[in-house]
Amino acid sequence: MIVIKTFIMSEYDFDDNSREFDADRDSDEDTEDASETDMAKQEQEYTEIKEQMYQDKLANLKKQLQQLQDETHPEYLRRLKKLEQAYQERLFLNEAFQCYEIERVEAEYISEKKAAVWEFEDKKVELRENLIAELEEKKRIIENERSNIELTGDSIEVKPVTTRKLRRRPNEPLPVPEKRRKASPEGKLSPVGSKQEGNETVSHCDHSGSAVEAKIEDGKLYYEKKWYFRGQPVFIENKDVGKFNAVISTVASSEIWVKRVPENSKLRIHLSQFQKGKYSIRRRTP
């Protein structure tokens, strides 16, 4: 009895397990069907969400584009404000630099103007002093020449030549013409006439190589009763090179240096060359 009962219970348990297995199988099938449905539904919902997100993004971009076109976009306004600040700062710096440059140029102009005025005044004073010194030098030279002329008995004024009227001796021939009288070695002339003939002889001797009165004193050349100083325009004459314009550049103790005009070449002339008549010097108007 116990075995039968055990078998019956076993059978009963088997039936129950079978029923449970079938029930589980049916349940799994229902679950699979439900899962497929859910997945399709989820995919549809995901697609709808993606479409909605796309539409939202597109709408947002269109809105931002419209804001940019209307110049009301927040980011555009923020960056525009930043650019405006940089622009204003740059304008301020440029205006400050412009003011600084204007002040600097004005100060430089005032300084240059003052310097030009000072230079003009200095040059004016220097020019006046140079002219005064030159005139004083010329005055002193003229006074020296006058004193030398007075010492030698010459006069600045031109005096008419006077002759003494000699008494005629008995049986003396009539006076010969002036030309024959000059040729006669025994003709008697007045002192002034003799002096003039003596001057002509000296002038002739100058070119023939005889001694000429020439000396250097106090930085000046004395030649034929005239004084010559540094910077004076002169004529220089030599038998070999001829006559040329020059300016006295240096007066030394025993020589002078002259500068040819306009060549600006220098020439040294010794005092002995003036004394021997190899060179002659005459004044020249500038």
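Reply: Strand 5 (residues 242–251) and strand 6 (residues 255–260) pair in the antiparallel sense over five bridges; strands are DSSP runs of E with at least two residues, helices are runs of H or I with at least four, and both are numbered from the N terminus. Two strands count as paired if DSSP finds at least two bridges between them. The model is predicted, so local features need pLDDT of at least 70 and side-chain atom pairs count only at pLDDT 80 or more, while totals for chains, interfaces and linings use all residues. Residues are numbered from 1 along each chain as its sequence is written, and side-chain values use heavy atoms, with hydrogens and water left out.

Me: Which residue in strand 6 is the bridge partner of threonine 250?

Reply: A hairpin links strand 5 to strand 6 through three residues. Within strand 6, the bridge partner of threonine 250 is tryptophan 257.

Me: What is the phi of asparagine 264, in the turn between strand 6 and strand 7?

Reply: Strand 6 is joined to strand 7 (residues 266–270) by five bridges, and the two run antiparallel. Their hairpin has five residues between the strands, and asparagine 264 in the turn has a positive phi of about 65 degrees.

Me: Is histidine 73 buried or exposed?

Reply: Histidine 73 lies in the loop between helix 1 (2–69) and helix 2 (74–152). Buried means under 20% relative accessible area, exposed over 50%, and partly exposed in between, with a 1.4 Å probe and protein chains only. Because its relative accessible area is 11%, histidine 73 is buried.
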